[in-house]
Each structure stands twice: as structure tokens, then as C-alpha cells.
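These are my notebook entries on a single structure. I set down what I looked up, topic by topic.

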Amino acid sequence: MTTSTDKINLLGLTQPEMEKFFDSIGEKRFRAGQVMKWIHHFGVDDFDAMTNVGKALREKLKARAEIRGPEVVSEDISSDGTRKWVVRVASGSCVETVYIPQGKRGTLCVSSQAGCALDCSFCSTGKQGFNSNLTAAEVIGQVWIANKSFGSVPATIDRAITNVVMMGMGEPLLNFDNVIAAMHLMMDDLGYGISKRRVTLSTSGVVPMIDELAKHIDVSLALSLHAPNDALRNELVPINKKYPLKVVLDSCMRYMSELGEKRVLTIEYTLLKDVNDKLEHAVEMAELLKNVPCKINLIPFNPFPHSGYERPSNNAIRRFQDHLHHAGFNVTVRTTRGEDIDAACGQLVGQVMDRTRRSERYIAVRQLNADADSNGVAGN
Ligand code: SAH
Ligand code: SF4
């Protein structure tokens, strides 16, 4: 387990924070840039490797600071090139990070929380309950670990990680400050220099924090929609009861207009067999989104044990996509990657030390239903 010390961890500090740190130890601010490059560009965690930092300052840094990423518990590589890391965070829980290479693109899917309190009905992370928010160092640490693992970058691309999506475990807007700091580091030239269009925050719709977002950062926004009306969305995405569809779509529109450029919202829609995959849902969705500048990403459900849901047939997926396409939307279907290493969307479970005891309740209820089924009694 990662132990905590009273040294300050420099890994999660943004440039202004790093400058403040150097101020506080009576050193010049330009040291911030030097040290950040060592950490993020070269993956260094040892002050002695920082050859442009004098010995006296290195000793001072060693006494007061450290560079500590989350502990890597395992790293798996799928037959399709997808990689998955399981990392342990300070709370003792484990979270997952996934790298998906696709042509010239390399997308890193990063976790923001150990578990998730929001309990969407089809999400295995939600079924793990909630344990803790990741620190900024633990969020950016996932990029740091992945980046370091690519000793040399494939010849087809100029860097291994071209895109980052906050679509791993957890609801990023419920860990606002740490996620914002980490996303600044993803985009900062002293960090990973990824363009703002290629850093995406995905949310299930935490409206007050969507409203707060534009004041702090300019990144691409994705909304997990999953249903075209409030009645169904209330069932699938419980936070919809607090912030219904119209309210959440309005706040996404405000976010995009406040950034002052032509923006496109990504709509994520997990397709669940016989639940939200019918033609009538596609028709209702086209109507709902007719005035929203968006592209739609359909995610065929990725099964996990006892979920109670199934993935629709390819025909049903195509019919859904075709309707939206004919209605004028840009619609893609997310191909499932890394299935052999359980790295697909919604399959990320980590090893959450559940505080809410939701996982226990979930397993107990599923077990009751399974017993009822095998006795010929209909479970729900
Ligand atoms: N909490 C955030 C980000 C993490 S989830 C959010 O909900 O947007 C990333 C995406 O994967 C979301 O759109 C989520 O709904 C989807 N997802 C969750 N479980 C899934 C599953 N079993 N199959 C397919 N997609 C899933
Ligand atoms: Fe949390 Fe997102 Fe999963 Fe919903 S889909 S439970 S918000 S991680």
C-alpha cells in the first residue's frame, strides 16, 4: 500500500502551484519549469537525475518533496494493442487506466475516483460503490505511468498519447478541483502538451459543476445521455432525478457558448438490449437533440457478471445508428477494445474498498434473483 509522508508530492502540482512551492522554499520560480519537464517529459521521480539542478537544491528538494505516482499493481496488453494498468491509490483501493491505440491516435482513458456514488444501473464501477476521490497526483499519475511505459513511440504517430478521456472509473465532476488540476497538466506544454480538443471530460450530468467548468478550464465535454426521456433516464442514470434532461442539456449548451468558439458536445449512449435500443428511442433522441450541436457515440453495452443487461444485436445497433444518421447526426459506434483483458467501457472495476456497502447489497439482490430464476420464479 502506498504510504503517505509529510513531504509535498510535486507530481500533481500545476505550474502556478509549482512556482508557489519554489517561492515557499526561497528558490527562483524558473525552477518550476525545469522540474516539471523532468517529471512529465522524462518521467523522472529521482531528484538526482535532474542534471540541470545543482546539488544543494537537489538535497533541499529531497528533504521537502517527493515525486510519487500511484503504485502499479499490474499491466496487461490485449491482443489488439489495448493496454490496461491497475494502480493502487492512497486510500488502498485500486483503479484502472486504459490505453487504446487506433491508427494515428492513442487514447488514454483515465479514472477520477475509486468507485462511483452515482450508481448508474448498467455500470460496473457504479456497482462497486464509492470509496474515495483521487488526488491530482493520482489522476495525472495515470498519464505519467502510461507515458513512461512507451519507451519509444510508434513511427506512425509523434507521441504515444494523443488524446485523454476522463471516462475511466468515477464521476470526474464530483472530484472537481483535482480533475481540473490534472487536466491543466495534460494540456500544459510543461506537462503533456495535449490540445484542448483532445482532452475530454465525460459526465453523467452534474449540472452545478458543468456550470462551474467554463470558469476553470476549456476542454471538450461529453454527456452520458443513455435515454431520450426523463422516465427512462431516471431508471438508468439516477442523478437524472435531480438534474433532468432539459436542465442538463441547457447547462451543456451554456458551457459551449461560454467558451466562445464553435463547439460540439459529444453524446454518449450505451445501447442496452430491449431497454433503450428501439427505433422509437432513436426517433425521440433525434427530436431531443435537434438543436444541440453534437456528435453521437453509441456504446454497445459491455457485459459484466450479474448485470441483468444484454448487448443488442448488430442489426438493432445498425438500425438505431441509421435512424440518427438519416436525421442528420454524426453518429459513430464505439468498437469494443481490449475485451480479453476486461478493459472495455463500463468493465472497469478496480478493487474498490466500498464505503457505501452498495456492492454487498448488489450481489445479494442479484443472488436472490438468480435463485428465484432457477426455481422458475421471475426475478426483476
Ligand atoms: N462517470 C462518467 C465517466 C465514466 S463512465 C460518466 O458517466 O460519463 C464512461 C462511459 O462509459 C459513460 O458514458 C458510461 O455510461 C459508459 N458505460 C458505463 N458502463 C458501461 C457498460 N457496461 N457498457 C458500456 N458503456 C458503459
Ligand atoms: Fe458513475 Fe459514470 Fe458509472 Fe454512472 S456511468 S456509475 S456516473 S462511472
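**Entry 1: N297.** I began with one residue: N297 counts as buried because its relative accessibility is 12%. I use buried for under 20% relative accessible area, exposed for over 50% and partly exposed for values in between, with a 1.4 Å probe and protein chains only. I placed N297 in strand β13, residues 294-300. Strands (E, at least two residues) and helices (H or I, at least four) are DSSP runs, numbered from the N terminus. Leaving aside neighbours within four places in sequence, I found N297 in contact with T266, I267, E268, Y269, T332, V333 and R334. Contact here means heavy atoms within 4.5 Å.

**Entry 2: basis of the values.** I note that the model is predicted, that local features need pLDDT of at least 70 and side-chain atom pairs pLDDT 80 or more, and that totals for chains, interfaces and linings use all residues. Residues are numbered from 1 along each chain as its sequence is written, chains are lettered from A and ligands numbered from 1 in the order in which they are written, and side-chain values use heavy atoms, without hydrogens and water.

**Entry 3: the sheet.** I looked up the strand order and found an open sheet of ten strands, β3-β4-β5-β6-β9-β10-β11-β12-β13-β14, with mixed pairing. Its edge strands, β3 (71-77) and β14 (330-333), each pair on one side only. I record an average twist of 20° from one strand to the next. Two strands pair if DSSP finds at least two bridges between them. Angles run from 0 to 180 degrees between N-to-C directions, and axes are lines fitted to C-alpha atoms, for helices over the stretch in contact.

Two helices were then checked against the sheet. Helix α5 (residues 136-149) packs on the sheet and touches β3, β4 (83-88), β5 (94-102), β6 and β9, with its direction at about 135° to that of β4. Helix α6 (residues 176-187) lies across β9 and β10 (199-203) and runs at about 155° to β10.

**Entry 4: strand β6.** Which strands pair with β6, and in what sense? With β9 (residues 163-166), β6 (residues 105-109) pairs in the parallel sense over three bridges. C109 stands opposite V165 of β9. With β5, β6 runs antiparallel, and five bridges join the two. Here L108 is the bridge partner of Y99. I also noted that β5 and β6 form a hairpin with two residues between them, and that G103 in the turn has a positive phi of about 60°. Four of the five residues of β6 are buried.

**Entry 5: the largest pocket.** I looked up the largest pocket and found a volume of about 1100 Å³. It is lined by 37 residues, and those closest to its centre are R105, V165, M167, N297 and R334. On a 1 Å grid over the protein atoms alone, a pocket is an open set of points with protein on both sides within 12 Å along at least five of seven lines, a cavity is a set where a 1.4 Å probe fits but cannot get out, and lining residues have an atom within 4 Å of a point. Points are joined across faces, edges and corners, and a volume is the space filled by probe spheres set on them. The largest share of the pocket lining, five residues, comes from β13. By class, the lining has 17 nonpolar, twelve polar and eight charged residues. Nonpolar covers Ala, Val, Leu, Ile, Met, Phe, Trp, Tyr, Cys and Pro; charged covers Asp, Glu, Lys and Arg; the others, Gly among them, are polar.

**Entry 6: the cavity.** The structure holds one cavity of 30 Å³ or more. The largest cavity has about 500 Å³ of space. Of its 30 lining residues, F122, C123, G168, S224 and H226 are the closest to its centre.

**Entry 7: two positive phi values.** Most residues other than glycine have a negative phi. H226, not a glycine, has a positive phi of about 70°. H226 sits in the loop between β11 and α8 (230-236), and counts as buried because its relative accessibility is 5%. D274, also not a glycine, has a positive phi of about 60°. D274 lies in the loop between β12 and α10 (279-288), and counts as exposed at 52% relative accessibility.
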